[in-house]
Amino acid sequence: MNKPFIPQLVYFEPKALDYPLGKELKEKFEALGIEIRYTTSHNQIRDFPGENDLQKYRIAKSTLVVGIRKTLKFDTSKPSAEYAIPLATGCMGHCHYCYLQTTMGSKPYIRTYVNVEEIFEAADRYIEERAPEITRFEAACTSDIVGLDHLTHSLKKAIEHFGQTELGRLRFVTKFHHVDHLLDAKHNGHTRFRFSINADYVIRNFEPGTSSLAQRIEAAGKVARAGYPLGFIVAPIYLHDGWQEGYYHMFERLDAELPQDVREDITFEFVQHRFTKAAKNVINKNYPKTKLKLDESARRVKWGKYGISKYIYQKDEEDEMKETLYSYMEKFFPNAKLEYFT
């Protein structure tokens with residue numbers, strides 16, 4: 001996907017128009033001739049056009065709902081951040097394996113929240129509570145925020161907000177290359193800009209609607225030259241014919257793009273492909289022609305802390321995967337920091 005996302009259908013919560021961003025988005029979409037509807041709540045959208053579930057799902061994924069984030073209690077986040085900051089929910093990408101498939105199965109539409117100043121004020125309160133510790137916020141737990149930000153600039157505002165705080169830090173990850181408007185943001189080194197990267201085979205077959213590996217790597221070079229701390233999530237690591245060459249080629253291309261002077265502060269996160277029984281059912285329903293291998297008998301079971309079982313690779317496969325990718329990282333980026341492998 002080369003063009004930035006433009007929704008086919010937009011819903012507004014009426015009160016969203018009381019906020020400057022709500023008004024601005026309504027004018028923008030009216031000028032583009034996009035159909036606008038109204039809804040009492042961004043959580044309650046049911047009347048999607050479409051003849052069947054598959055059509056409705058596809059239309060929902062190209063629908064934007066503009067609302068107000070009422071809950072300003074932030075979730076505790078991933079291992080790499082203290083809190084998730086809720087700027088948007090949902091994603092325009094069609095990644096077959098994505099965990100949002102199950103967590104947002106009934107609401108695959110994209111939501112953006114216009115009360116950004118209130119969200120930042122809530123973040124500031126969390127920062128104050130934890131002072132003098134640094135507090136990190138993850139902006140991509142429930143969406144790919146970069147894929148939407150050319151329309152809203154909420155992420156850009158967040159980058160500049162955290163750039164002015166002494167103890168607040170922002171991080172997010174993206175599969176999109178639409179970063180040009182973020183390059184001049186006053187980030188003060190307080191935002192870690194991460195890209196999700198993968199072997200070409202995985203991106204081509206399982207990540208439709210997202211930017212190509214070449215586009216992501218080129219965007220990473222731009223971001224690095226704009227002085228942002230940089231990170232990469234290699235996820236999901238998926239074993240396919242020629243996977244060793246595929247991942248080697250990915251690292252090689254990254255090495256060719258990134259300037260030498262940014263390499264002292266690069267992070268890598270590695271996540272092997274996993275799925276749950278529930279996810280398998282949803283994936284097969286939404287992407288009936290997927291080539292994604294979801295055979296439970298070929299995997300081993302890993303129990304999560306909430307008693308949910310996931311299917312991950314066998315121990316010997318995991319060990320080979322880990323050893324191979326670590327060796328590539330060491331070869332091309334010897335000073336990079338390994339955050340985790342899971």
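1. Starting with Ser-196: setting aside residues up to four places away in sequence, Ser-196 touches Val-173, Thr-174, Lys-175, Arg-216, Ile-233 and Ala-235. Bear in mind that this is a predicted model. Ser-196 sits in strand β9. Buried here means under 20% relative accessible area, so at 7% relative accessibility Ser-196 counts as buried.

2. On to helix α9, which covers residues 243-257 and has 15 residues. From first C-alpha to last, α9 reaches 21 Å, close to the 21 Å expected at 1.5 Å a residue.

3. Which residues of α9 are buried? They are Trp-243, Gly-246, Tyr-247, Met-250, Phe-251 and Leu-254. Looking down the axis of α9, these buried residues fall within an arc of 130°, so they line one face of the helix. The face turned away from that buried side carries Glu-245 and Ala-256, both exposed.

4. What covers the buried residues of α9? The cover includes strands β9 (191-197), β10 (230-237) and β11 (266-272), along with helices α7 (200-206), α8 (213-225) and α11 (315-332).

5. Together with Phe-268, Tyr-247 touches the most other members of the largest nonpolar core, which has 99 residues. The largest share of this core, 7 residues, comes from helix α4 (residues 116-130). Apart from it lies another core of 7 residues, including Leu-9, Ile-45, Phe-48 and Ala-60.

Methods: Residues are numbered from 1 along each chain as its sequence is written. This is a predicted model: local features need pLDDT of at least 70, side-chain atom pairs count only at pLDDT 80 or more; totals for chains, interfaces and linings use all residues. Side-chain values use heavy atoms; hydrogens and water are left out. Helices (H or I, at least four residues) and strands (E, at least two) are DSSP runs, numbered from the N terminus. The expected span of a helix is 1.5 Å times one less than its number of residues. Buried means under 20% relative accessible area, exposed over 50%, partly exposed in between (1.4 Å probe, protein chains only). The arc is that of the directions from the helix axis to the C-beta atoms. Contact means heavy atoms within 4.5 Å. A nonpolar core is a set of buried Ala, Val, Leu, Ile, Met, Phe, Trp, Tyr and Cys residues joined through side-chain atoms within 4.5 Å.
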